[in-house]
Amino acid sequence: MGQFLQHLVNTLILGGTYALLGIGLTLIFGIMRVVNFTHGELYAFGAYAVFALSMLLGANFFLALVLALLGGMALGALIEIVLLRPMRGADIDTTMLVMIGAWIIMQNLEMLTWGGVAKAVVTPFPEVPLVIGSVSVSYLRVFVLVMALVLIAATYFLINRTKLGKAMRATFQDADTAALMGVSINRIYTATFAIGSGLAAAAGALLGPVFLAFPTMGDLAALKSFAIVILGGLGSITGATIGGFILAFVEELGAGYVSSGYRDAMGFVIIILVLMFRPTGLFARAERIG
Amino acid sequence: MTGTREPLLTVEHVAVHFGGLVAIADMNFGVHSGEVLGLIGPNGAGKTTAFNVITGFLRPTKGEVRFKEVSLNGLKPHQVTSLGLVRTFQRTSVFQDNTVVGNVLIGLHRRGRATLLDTLLGLQRETESEQELKEEAWSILRLVGLERRAFDLASALPYGDQRLVGVALALAAQPTMLLLDEPVSGMNASETARFIKLLGLIREQGITILLVEHDMPMVMGVSDRIIVLNYGRIIAEGPPAEIQRNPEVIAAYLGHGARRVHHHA
Amino acid sequence: MRRAFALVFLAFLLTLPLWLQDPYLLHILITTGIFTIAAMSLNLLLGYTGQLSLGHVAFFGIGAYVSALTTLGFDVDIGPWTFVHEPWPVMAGFVLAVLISGLCGYLIGKLSFRVRGAYFVIVTISFAEVVRLVALNWVDLTQGPLALNNIPAFALSVPGLGEHTLWGKVPNYYLVLAVAVAAYILIKRLVGSRIGRAMVALKENESLAVSVGIDVTRYLVLAAIISAALAGAAGSLYAHYVKIIDPEIFLFIYTVTMVIMVVAGGKGTLAGPVVGGLIFGTLPVLLRSYLGPEFQWIFYGLFMIFIVFVLPQGIVPAVEQRLFPSTREPPPEALATVEPAKGEPQ
């Protein structure tokens, strides 16, 4: 029982960041119909940014987190403007090819910059974990969960309560009509991509210090984001939020009770089950076919 | 066949709702073998929705469609086609990147006899089957009058000819009954006249036709019987001459303002 | 014209080992040939049905592992049972590799073609990752990161002539060439047939294809099976040629290599993957002596973007348009022989 509670706590902490990853990806897909293969690399970017700022340049840890988020947004905006804007109107497969190209480039640039050795980030939080009954959790992890929840809430607020969010939702419904109503599609797309990328970078910035920053972390993050988004339904933000927690839960249990070697395979198991029983995801509007 | 013959196609209590919106309320009609039935009605009356339901592209909320006394409920579109119920689409419906004859060959899909193994091993049956398909393709092209454009890309053809390719494609799928969705919209007068002639030829082959069309003179001229839809309901049914005099029909069209019964699309 | 060109090219490949004796260059050609077969198989899915399989390397790797394990033998404990498999001949390994890869293609196709598009891409990419994890963690069977070593060389048993083991580079070169030509012919027949027309039709306009009676799912799954089986064949050749395989074989970057070969050469053309395969099979070797592998992958990424922006159709269609501008879409040769002949065939 105590072990199970521990798994639940771990699930919450991991799930928060997974939800961030999922929301970022699903936002971009829902509004732009782009499968963002650079998502995982933006996650890695966040982790390395925190490492570089706080460990190499000696910046304050919290400032480093904020800068990583902003840097991720800027990088996302850049990718959108340079690579995606000229491709407007191209079919989804063509954009996928470009994004795959960008993925490879970013991943190997990371590799060249940081080398193959994992990097650790030291945080201002005490090393001694917080122990409540049979459950122990580090202060850093609690902080990660709180920050993730704050960012999720902020994203919801942005989309549901702001003018930009309203324009994004209109574009999500029907880009052509939104354009006719005076929404600048280019600006919405850039903003969407920047926000989605920022969320990925934030997830990396938060998890990087918990685990380590290593060059292939982006690949796994990308695959997990895909699983989360399929689970929740492509384009559904609520789905991605809940999907993030479900994936974390399944991974925790899988690693705890099956085999830790297959922890990262759980996402695929979820994808298969979803496709078998509810192909459009748990919360989805169906992807239009034909 | 016994006493009361069931029509070739029967639409029975079909209703389609999109969320709260009622696209088709309660539709009942039959199409008899050999007949040309025109389905008309103002924009948004539910004509294309009816086509989609009949051909399996859309599940009806209620009701049943039967073809040759077989229920089509739950069948996929390609299975409906296999029964001999073939449709065309509004606007251009051709494979743009293929040649005209290539289009017809695609349409002849169900006619091929070669198995996967025949194909992979290049066996005789593959060669024979391909030869048959090509001959068949040419005879369809001759029927619609496109044999001279056979090797042109479908997208390179003028609009009217592209519509003919669409019909050739449907004919290739061996229809017992053909559903034509606004076949002459966008055609000029001479193209329309040519199409009406083609319709006669198709009819001569014993193919039953259900026609949705906005071009009133055309649809009144070729149809044996007309059904008028408005707001998802059938408001009138009968021979063209009767329909043209029906006050409810005239009111329905006038109610929509722009489009009159005699308005040429 | 094209046929003549193809024959000249084939003759060139056939005579190549007669004057090219450098074993290193032959080695490059052999691996290039193997990857070209994989690229051809990917092209069937990506080029002809329009489905982007980003886990194609999984089928390749499964073929390699199946073939290696069949010929090496293994004993595995699953629960209370122990499975012992004695080594079988290489030919059996090759056949099993084709069959099991094809079966995997069937399962993945069945699973993901219900929704398609982005889903298919994501399912295939995750599938490859899971297969990699299995290869890494099921140490009993695969030796995990220690790799499968001492995989036997390909051996052809010819009735009456006994068994011939292909030790040297030259016999392996001809083996790969033979399989590549066979794969090319199979794909050519397939795409030129009613089945290929159905695939192209559903890629171009699915509703319309369905309306003439084409069962979309059936042909997508069929394409996935054949494509996976061919990739499995390439994987088997690879295993018995390099004689050592480890879970690295499932790395995403190899799928990317295949995708680049197809997209750069020209997807949906028969010659595309061959041209792309030759370029991207030999290019890295030239680059490798000057640059680290990261630069090679960065170059691949840049090239991918470049191709999509500048030459979206790929090299082969672009060159064809340049060479034969008038016959952009030449009529299928056979068709011209059936000019409008009235009257019934006798």
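How many helices and strands does the secondary structure of chain C come to? The answer is 15 helices and four strands, where helices (H or I, at least four residues) and strands (E, at least two) are DSSP runs numbered from the N terminus.

A word on the ground rules. This is a predicted model, in which local features need pLDDT of at least 70, side-chain atom pairs count only at pLDDT 80 or more, and totals for chains, interfaces and linings use all residues. Residues are numbered from 1 along each chain as its sequence is written, while chains are lettered from A and ligands numbered from 1 in the order in which they are written.

## Chains A and C

Chain C has a radius of gyration of 21 Å, close to the 20 Å that the globule rule gives for 346 residues, so chain C is as compact as a globular protein of that length. Here the radius of gyration is taken over C-alpha atoms, and the globule rule is 2.2 Å times the number of residues to the power 0.38.

Chain A comes to eleven helices and two strands. For chain A the radius of gyration is 19 Å, close to the 19 Å from the globule rule for 290 residues, so chain A too is as compact as a globular protein of its length.

The table sets out some values for each chain. A residue is buried if 20 or more other C-beta atoms lie within 10 Å of its own, exposed if 12 or fewer, and partly exposed in between, with C-beta atoms placed from the backbone.

| Chain | C-alpha span along principal axes | Buried residues |
|---|---|---|
| Chain A | roughly 60 × 45 × 35 Å | 53% of 290 residues |
| Chain C | about 70 × 50 × 50 Å | 50% of 346 residues |

Contacts tell you about the sequence range as well: two residues are in contact if their C-beta atoms, placed from the backbone, lie within 7 Å. In chain C, 76% of the contacts between residues at least 6 apart in sequence join residues at least 24 apart. In chain A, residues 24 or more positions apart account for 76% of the contacts with a separation of 6 or more.

## How the chains meet

Two pairs of chains touch, and the most contacts are between chains A and C. There, 40 residues of chain A are in contact with 36 residues of chain C. On the chain A side, α4 (92-114), α9 (217-232) and α11 (266-277) give two or more residues, and α4(A) gives the most, with 15 residues. That side of chain A divides into 28 nonpolar, eight polar and four charged residues. In this classing, Ala, Val, Leu, Ile, Met, Phe, Trp, Tyr, Cys and Pro count as nonpolar, Asp, Glu, Lys and Arg as charged, and the others, Gly among them, as polar.

Chain C also meets chain B, with 25 residues of chain C in contact with 35 residues of chain B. On the chain C side, α7 (169-191), α8 (194-204) and α9 (206-211) each supply at least two residues. The largest share, six residues, comes from α8(C). By class, this side of chain C has 14 nonpolar, five polar and six charged residues. Chain A and chain B do not touch, and their nearest C-alpha atoms are 11 Å apart.

## Two helix pairs

In chain C, the axes of α11 (residues 252-265) and α13 (residues 293-310) come within 10 Å and cross at roughly 35 degrees. Axes are lines fitted to C-alpha atoms, for helices over the stretch in contact, and angles run from 0 to 180 degrees between N-to-C directions. Among the residues that meet are C:Ile253 and C:Val256 in α11(C), and C:Trp297 and C:Tyr300 in α13(C). The contact of α11(C) with α13(C) has ten nonpolar, no polar and no charged residues.

In chain B, the axes of α3 (residues 100-107) and α5 (residues 124-144) come within 9 Å and cross at roughly 115 degrees. That makes α3(B) roughly perpendicular to α5(B), a label for angles of 65 to 115 degrees, with under 35 roughly parallel, over 145 roughly antiparallel and the rest oblique. B:Val100, B:Val101, B:Val104 and B:Leu105 in α3(B) meet B:Leu133, B:Ala137, B:Ile140 and B:Leu141 in α5(B). This contact has eight nonpolar, no polar and no charged residues.

## One residue up close

C:Ile28 is found in helix α2 (residues 23-49) of chain C. C:Ile28 is partly exposed, with 16 other C-beta atoms within 10 Å. C:Ile28 and C:Gly281 are 253 residues apart in sequence and 7.5 Å apart in space, C-alpha to C-alpha. Leaving aside neighbours within four places in sequence, C:Ile28 is in contact with C:Thr282 and C:Val285.
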